[in-house]
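Me: I would like to go through this model with you and ask where its descriptions come from. Could you set each value against its definition as we go?

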Amino acid sequence: MSAMIVVGISVTSQIEAAVTRNSASATALYVDSVIAPLLPDMRRSEVLEESVAHALDETLGQGALGKRLQSFKLWRRDGTILYSTNKDLVGKRFPPNDNLRAAFAGDMVAEFDRLDDADSQAERDSGLHLLEIYNPLLQPWSGEVVAVLEFYEVANDFQKDLRQALVRTWLDVAAVTAVFFLGLSAIVFRGSRTIRSQSLSLKQRIAELSDLLAQNRMLRLRVQRASQRATALNERYLRRIGADLHDGPAQLVALAALGIDSPMLSDPATPAAARARELQAVKANLDGAMREIRNVSKGLVLPHVENAELTEILELAVRAHEERTGVKVMLSMTGGHTSLSPAAKICIFRFIQEALNNGFRHAGGAGQSVAKHFDGERVFIEVSDTGPGFDPKIVHPEGLGLVGLRERVESLGGQFAVTSSQNGTMVKMVLNTVEMGQA
């Protein structure tokens with residue numbers, strides 16, 4: 001609206017000035033063509049002769065010119081009125097205004113309805129719309145301004161035409177402004193919709209990032225807890241190894257030592273057969289101790305699985321269990337092949353090894369099986385048996401089997417689950433191969 005008002009005022013003022021000047025120029029040319037021949041040489045005449053004033057009265061008082069002009073004045077350069085249709089002003093002198101000085105400088109000046117001069121009281125009292133015109137009177141052969149004609153044209157028709165022109169101009173300015181406004185509004189509204197959609201998208205992304213940050217915090221806490229529990233489990237695992245060595249090989253070695261210290265071996269009177277039986281018992285205890293130590297070592301030593309395929313890892317774990325326990329394990333593998341990180345390969349090997357050991361220890365190895373399959377980007381490993389089962393909620397806190405398996409799998413971001421009933425037990429792990437590859 002401000003732009004429309006500024007542009008409208010500027011355009012209408014220019015139009016009003018141009019229309020006023022054009023109309024005044026036409027009137028001035030007409031008046032000059034009628035009045036100039038009646039005037040004497042104004043450069044030499046200080047006053048008008050009575051005959052010239054009478055001729056002007058007749059010319060201005062009748063005909064088309066008389067109807068067209070409200071009043072007429074002839075000015076001398078010093079501000080004296082040499083002639084006027086208002087006889088009371090003849091011979092009076094007024095200070096030259098800006099319009100009069102401009103006319104004596106050679107410019108034609110025109111104003112519409114601005115009757116604020118001291119000599120224009122009669123025109124103001126008429127109540128008419130008047131076009132005030134100052135037209136310089138030039139010396140024909142020299143072009144010098146010798147006087148100024150001031151006349152007031154009755155401009156009722158001009159006022160109507162000017163008003164119509166101004167109204168049309170304002171309507172045109174308003175129409176153009178409306179077009180620009182509608183165009184700018186369309187741009188703004190479209191930009192607003194774009195900003196709104198981008199804002200919604202940004203809020204959604206912020207929400208997603210917030211969820212990811214929350215998940216990252218949860219994962220970090222889980223990793224921290226897993227690390228703390230892994231440290232405790234490692235201590236318990238070492239204690240279990242110590243207990244296995246103490247309860248197995250150490251006891252057999254102790255029995256062998258007692259046999260060696262037996263009086264039967266140190267007494268020369270002991271029969272040879274009895275001494276041989278005693279030595280045979282010592283050897284048997286030492287052989288049993290060696291077997292126990294080898295079994296413990298086999299459980300601790302990890303085969304080279306870093307460069308092996310997943311199928312080879314499963315076969316190694318199953319074969320090692322079968323050799324150690326003598327129990328037949330069914331192996332099922334479906335799906336394609338995928339690359340895994342060394343940490344994932346070690347986790348899968350230890351998972352199968354520990355799950356099979358738990359099944360052998362608690363279910364006697366009945367119906368043990370290992371299955372592997374893929375589901376998109378995830379690999380599933382399942383170890384099951386057909387033993388009597390147990391309640392997964394009731395697990396001794398010192399037990400290393402299930403707790404150790406869960407911590408090992410979840411430390412790599414995987415999922416761990418146990419299902420058990422009177423028909424058997426199944427332990428399952430799930431790893432995301434893409435996340436493991438990115439990690």
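**Strands, a helix and some rings**

Reply: Gladly, and let us start with strand S4 (residues 130-138), where eight of the nine residues are buried, so the strand is mostly covered. Buried means under 20% relative accessible area, exposed is over 50% and partly exposed lies in between, with a 1.4 Å probe and protein chains only. Strands (E, at least two residues) and helices (H or I, at least four) are DSSP runs numbered from the N terminus.

Me: What kind of model is this, and what do the numbers rest on?

Reply: It is a predicted model, in which local features need pLDDT of at least 70 and side-chain atom pairs count only at pLDDT 80 or more, while totals for chains, interfaces and linings use all residues. Residues are numbered from 1 along each chain as its sequence is written, and side-chain values use heavy atoms, with hydrogens and water left out. The predictor's confidence in each residue, pLDDT, runs from 0 to 100; its mean over the chain is 80, and 89% of the residues reach 70 or more. Confidence is lowest in helix H12 (residues 433-438), with a mean of 63, and highest in S8, at 93.

Me: How do you know that S4 and strand S5 (residues 145-154) pair?

Reply: Two strands pair if DSSP finds at least two bridges between them. S4 and S5 have nine, in the antiparallel sense, so they meet that definition. Glu132 stands opposite Tyr152 in S5. In their hairpin, with six residues between the strands, Gly143 takes a positive phi near 75 degrees. Strand S3 (residues 109-112) is also joined to S4, by four antiparallel bridges, and Ala110 has Ile133 as its partner there.

Me: What makes S8 largely enclosed?

Reply: Six of its eight residues are buried, so the rest of the structure largely encloses S8. Seven bridges join S7 to S8 in an antiparallel arrangement, with Phe374 partnered by Val379.

Me: Why is the pair of Phe72 and Tyr83 called tilted?

Reply: Rings of Phe, Tyr and Trp (its six-membered ring) pair if their centres lie within 6.5 Å; planes under 30 degrees apart count as stacked, over 60 as edge-to-face and the rest as tilted. The search of the whole structure finds four aromatic pairs. In the one of Phe72 and Tyr83, the centres are 6.1 Å apart and the planes at 55 degrees, hence tilted. Both Phe72 and Tyr83 are buried.

Me: And what makes the pair of Phe351 and Phe416 edge-to-face?

Reply: Their centres are 6.4 Å apart and their planes at 85 degrees, so this pair is edge-to-face. Phe351 lies in helix H10 and Phe416 in strand S9 (residues 415-421), 65 residues apart.
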